Amino acid sequence: MIAAAPVDPRAGAAAGAPRGASASSPRVLLAVIAGGMLGTSLRFALDTALPNAPTGLAASTLLVNAVGSLALGVVAGALPARAPRWLRAGLTAGLLGSFTTFSALAVSVVLLADAGLALPAAASLALNLALGLGAAAGGILLGRAFAAPRPEAPDEPGSSSDGARALPEAEA
């Protein structure tokens, strides 16, 4: 089962967040702003390259939401809880939060429904939800796999345990 970080309602931040690293600290705010600018720019570039037809499936919205959910899952799974709050906030809320967007999905679904295309509207909503959830879950698993400690390779014959080259007795 995939679980989110526990939230302490009194602190308004993830449990275990370092003291003094509130969401309103200048470093955190700057990271979110910088990430948001980059994520929004990437989103705009993709929307320009793959524009949505007003009466068809919003392909760029679906693609962005699935890729963004996967990336957010990888970051959430791989980034250790001890990573600086500004880094976590800049990548998650800033970069990936602005790259993916519920509002674009909502507008595309409303436009489809308003054009009398209820089935494509429902399909768009269902596809975004299924792909987004699946991508996020898969991303968390991938992120955890990337972050898992790697077993050390056994020492090669003739090497010492401290990594220094063993000298033959004649050289010593």
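At what angle do α2 and α3 pack, and how far apart are their axes? In this predicted model, the two helices pack at an angle of about 165°, and their axes are 9 Å apart. Angles over 145 degrees count as roughly antiparallel, and α2 and α3 are therefore roughly antiparallel to each other. Their crossing is right-handed. On the α2 side, the contact is made by Val 64, Val 67, Gly 68, Ala 71, Leu 72 and Val 75, and on the α3 side by Leu 91, Thr 92, Leu 96 and Phe 99. These residues of the contact of α2 with α3 divide into 8 nonpolar and 2 polar, with no charged residue.

The chain that holds this pair contains 5 helices and 2 strands, arranged along the sequence in the pattern β-β-α-α-α-α-α. Of its 172 residues, 26% are buried. Among contacts with a separation of 6 or more, 67% are between residues 24 or more positions apart.

Helix α2 covers residues 59-78; at 1.5 Å a residue its 20 residues should span 28 Å, and the end C-alpha atoms are 28 Å apart, in agreement with that expectation.

Arg 43, Leu 46 and Asp 47 of α1 meet Ser 60, Thr 61, Leu 63, Val 64 and Asn 65 of α2 in the contact. By class, the contact of α1 with α2 has 3 nonpolar, 3 polar and 2 charged residues, whereas the contact of α2 with α3 has no charged residues.

Within helix α3 lies Leu 87. Leu 87 is partly exposed, as its relative accessible area is 28%, a value between the 20% and 50% limits of that class. The C-alpha atoms of Leu 87 and Val 28 are separated by 7.6 Å, although the two residues are 59 residues apart along the chain.

Helix α5 has 30 residues, which at 1.5 Å a residue should span 44 Å; its end C-alpha atoms are 43 Å apart, which agrees. Its buried residues are Ala 121, Ser 124, Asn 128, Gly 132, Ala 135, Gly 139, Ile 140 and Gly 143, and they pack against α2 and α4.

The packing of α4 with α5 has an angle of about 160°, with the axes 8 Å apart. That angle makes α4 roughly antiparallel to α5. The contact joins Leu 105, Ser 108, Val 109, Leu 112 and Ala 113 of α4 to Pro 120, Ala 121, Ser 124, Leu 125 and Asn 128 of α5. By class, the residues of this contact of α4 with α5 divide into 7 nonpolar, 3 polar and no charged. Ala 121, Ser 124 and Asn 128 belong both to this contact and to the buried residues of α5.

Technical notes:
Residues are numbered from 1 along each chain as its sequence is written. This is a predicted model: local features need pLDDT of at least 70, side-chain atom pairs count only at pLDDT 80 or more; totals for chains, interfaces and linings use all residues. Side-chain values use heavy atoms; hydrogens and water are left out. Helices (H or I, at least four residues) and strands (E, at least two) are DSSP runs, numbered from the N terminus. The expected span of a helix is 1.5 Å times one less than its number of residues. Axes are lines fitted to C-alpha atoms, for helices over the stretch in contact, and angles run from 0 to 180 degrees between N-to-C directions. Angles under 35 degrees count as roughly parallel, over 145 as roughly antiparallel, 65 to 115 as roughly perpendicular and the rest as oblique. Contact means heavy atoms within 4.5 Å. Ala, Val, Leu, Ile, Met, Phe, Trp, Tyr, Cys and Pro count as nonpolar, Asp, Glu, Lys and Arg as charged, and the others, Gly among them, as polar. Buried means under 20% relative accessible area, exposed over 50%, partly exposed in between (1.4 Å probe, protein chains only). A crossing is left-handed if the near helix is turned anticlockwise from the far one by less than a right angle, and right-handed if clockwise.
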